[in-house]
Amino acid sequence: MATLTLRNIKKAYGAAEVIKGIDLDIEDREFVVFVGPSGCGKSTLLRMIAGLEPITSGDLSIDGKRVNEVGPADRGLAMVFQSYALYPHMTVAQNMGFALRLAKVPKAERDAKVAEAARILQLGPYLERRPKDLSGGQRQRVAIGRAIVRAPKVFLFDEPLSNLDAALRGQTRIEIAKLHEELAVTMIYVTHDQIEAMTLADKIVVLQAGRIEQVGSPLELYHHPANIFVAGFIGSPRMNMLPVAVDGVSAAGVSVRLPSGVALTIPCSGAGLSAGSALTLGIRPEALRPDENGPIAGTVKLVERLGGLTLLHVETEGIEDMIVQLEGLSLVDLHQQVRFSADGAALHLFDQAGQALPALARHSLVA
Amino acid sequence: MTDSLTKRLVIAILGWTVALLLFFPIFWMVLTSFKSETDAITARLAFAPTLAAYGEVFARANYLAFALNSVVISVGGSVLALAFAIPAAYSMAFHPTQRTRGTLLWMLSTKMLPPVGVLVPIYLLFRTTHLLDTRTGLILIYALMNLPIVVWMLFTFYKEVPHEILEAGRMDGANTWAEVWHLLMPLTLPGVASTGLLSLILCWNEAFWSLNLTSSSAAPLTTFIASFSSPEGLFFAKLSAASTMAVAPILIFGWFSQKQLVQGLTFGAVK
Ligand SMILES: Nc1ncnc2c1ncn2[C@@H]1O[C@H](COP(=O)(O)OP(=O)(O)OP(=O)(O)O)[C@@H](O)[C@H]1O
Ligand SMILES: [Mg+2]
């Protein structure tokens, strides 16, 4: 059992405020992922939860108890560091058992717990080795094992996979997902990686410059981004952004005029909009389809064939590099004129402040 | 092949030359200690070796008492310096403030003050506190004398330790004491050892304070050497014998610990 509550959490280094008031509720057994651009404060926030960094102001509660002044070990959390931070002078078994040794757990019990963690992580053959004699992936598992042995209420991960190569990263990601399933604990996970965030998270927290931009399930963030920042940050390749002008508002949604003069109706609520005001239209690269009668026309400037996918870089009015992601192998050629259409529900409108206009209907997969 | 051979030859010759040049005074001192006083004032290499000088030195002064003082004072001073420097360097390396840099530089700057500048105040302090000619007094002075260097060296070793390892320890439930004892000490042991060794050598060789603050009961080997110099004229053989006996323990000690010393002193560079 572990729920976390963050209330107006702030962090300042001298005069510089790097976390500017975070409010967040984390449910028991939830997998929460913090994402955001480099320097936005993900690690700082995680370290404040861990107790490694003092909280400048605000309240952090675990299971309803305020823990701002509680030391890191007494919060019942375990952390996996990006650099693994294994103890180089101890064997794998000693690394994993260190917390229990400090807690004066009897040796037999300690050994049993280490053996159990080693079984879960398949570290059995390496228990007597030192960290320097392990591969990167094995070190990573030891770091996770060290956390498991303590049976913490909450696991904290700070970019745990960023030092692994792509194949191993994928594999370890799946192992972490299984671990979450098996241990049934709360996990908080910091990453840069879209795929990690989308696949692991129950709840994604998008941070920018020390503030929360949006909190929601991966699909909610993907289908209903709250603002331009989240729309651009979630999804790869990035959402295409076009400047458009309002034509009119009807029950069917907001009609806008593209830079090319073509009109489109997007099913959003346009309360308070007047004709002529400027908006931004967001189109996901995967929402565009070639269509001879489509409203968007452009010239193909670059084709990237990834095998299963084809990425087209298209120059069209209002946007120099519109990315179109097509399934399979597309036979489109360079410099060819192509027309595209997009499903209205996959289009997003943002006002001048960057806030999304609310969609008229929620996506069927997002309650 | 031949190229690397000549290169190695040149390096070997250069190395030996430098080593011999540096070693020559010590060699000459040891040689002189086996001469008679009449041979000692000449530069003759052919002489009848004699232990007369050693005999006289032993007859005139209690070598073992001096040597024991040296050991107690050097070890005591170094241990005391480490005892203060380890927590100081820990806090400076892992919990720095805006004043850390300045404090470190200030500590080092005290080494630039000529000791004689504070001789009178310290002498008076020692007299009123009855520390003159006591081992405790010299241990205190030596610890203070070496503290800046010991703190600096430990600080540079500690700086090499990734913060995250200690943070992982803190997550695992280590308090400050456990952090230092279970993690920092084992990780920086070569550094701490070489720092201790250097401090030991500096204490052993120190002459200014020992000559001025001790007379008999706490006098270390540097005082022992000095007692064979000037007053009765120049007795080179006896002086050499006394000096040889004074430096022999630390030379032998240094020989056995040189691997540790070099390893520690180049710790940062190798990593
Ligand atoms: N000790 C410090 N003193 C001053 N500023 C700091 C300190 N530590 C971090 N910062 C600042 O706080 C901000 C957030 O840093 P943080 O490490 O949390 O970013 P991050 O989101 O984890 O970035 P990354 O994805 O690159 O790891 C950064 O702008 C950083 O410069
Ligand atoms: Mg970070």
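Tutor: Start with the word strand: a strand here is a DSSP run of E covering at least two residues. By that rule residues 4–13 of chain A form strand β1, and N8(A) lies in β1. Keep in mind that this is a predicted model.

Student: What joins S236(A) and P237(A), and where does P237(A) lie?

Tutor: The bond between S236(A) and P237(A) is a cis peptide bond, with omega about -5°. P237(A) sits in the loop of chain A between α8 (228–233) and β11 (240–250).

Student: Which residues surround ligand 1?

Tutor: Those with a heavy atom within 4 Å of the ligand count. The residues around ligand 1 are Y13(A), V18(A), S38(A), G39(A), C40(A), G41(A), K42(A), S43(A), T44(A), E159(A) and H192(A). Helix α1 of chain A, residues 42–50, gives the largest share of this shell, three residues.

Student: How does the shell divide into nonpolar, polar and charged residues?

Tutor: Three are nonpolar, six polar and two charged. Gly counts as polar in this scheme, whereas Tyr and Cys count as nonpolar.

Student: How do you know that the side chain of K42(A) makes a polar contact with ligand 1?

Tutor: The cut-off for a pair of N or O atoms is 3.5 Å. A polar side-chain atom of K42(A) is 2.7 Å from an oxygen atom of ligand 1, so the pair qualifies as a polar contact. For S43(A), the distance from a side-chain N or O atom to a ligand oxygen is 2.6 Å. For E159(A), the corresponding distance is 3.5 Å. As for cover, the protein hides 57% of the 640 Å² of accessible area that ligand 1 has on its own.

Student: Turning to chain B, what is its secondary structure?

Tutor: Chain B has 14 helices and zero strands. Its C-alpha trace spans about 70 × 70 × 30 Å along the principal axes.

Student: What makes α5(B) oblique to α7(B)?

Tutor: Helix α5 (residues 100–109) and helix α7 (residues 135–159) of chain B pack at about 140°, with axes 8 Å apart. Roughly antiparallel would require an angle over 145 degrees, so α5(B) is oblique to α7(B). The crossing of α5(B) and α7(B) is left-handed.

Conventions: Residues numbered from 1 in each chain as written. Chains lettered and ligands numbered in written order. Predicted model: local features only at pLDDT ≥ 70, side-chain atom pairs only at ≥ 80, totals over all residues. Heavy atoms only, no water. Polar contact = N/O pair within 3.5 Å; in protein donor to acceptor, adjacent residues only side chain to side chain. Areas by Shrake-Rupley, 256 points an atom, 1.4 Å probe, with all protein chains shown as cover. Helix = DSSP H or I, 4+ residues; strand = E, 2+ residues; numbered from the N terminus. Axes fitted to C-alpha atoms, helices over the stretch in contact; angles between N-to-C directions. Parallel < 35°, antiparallel > 145°, perpendicular 65-115°, else oblique. Left-handed = near helix turned anticlockwise from the far one by under 90°.
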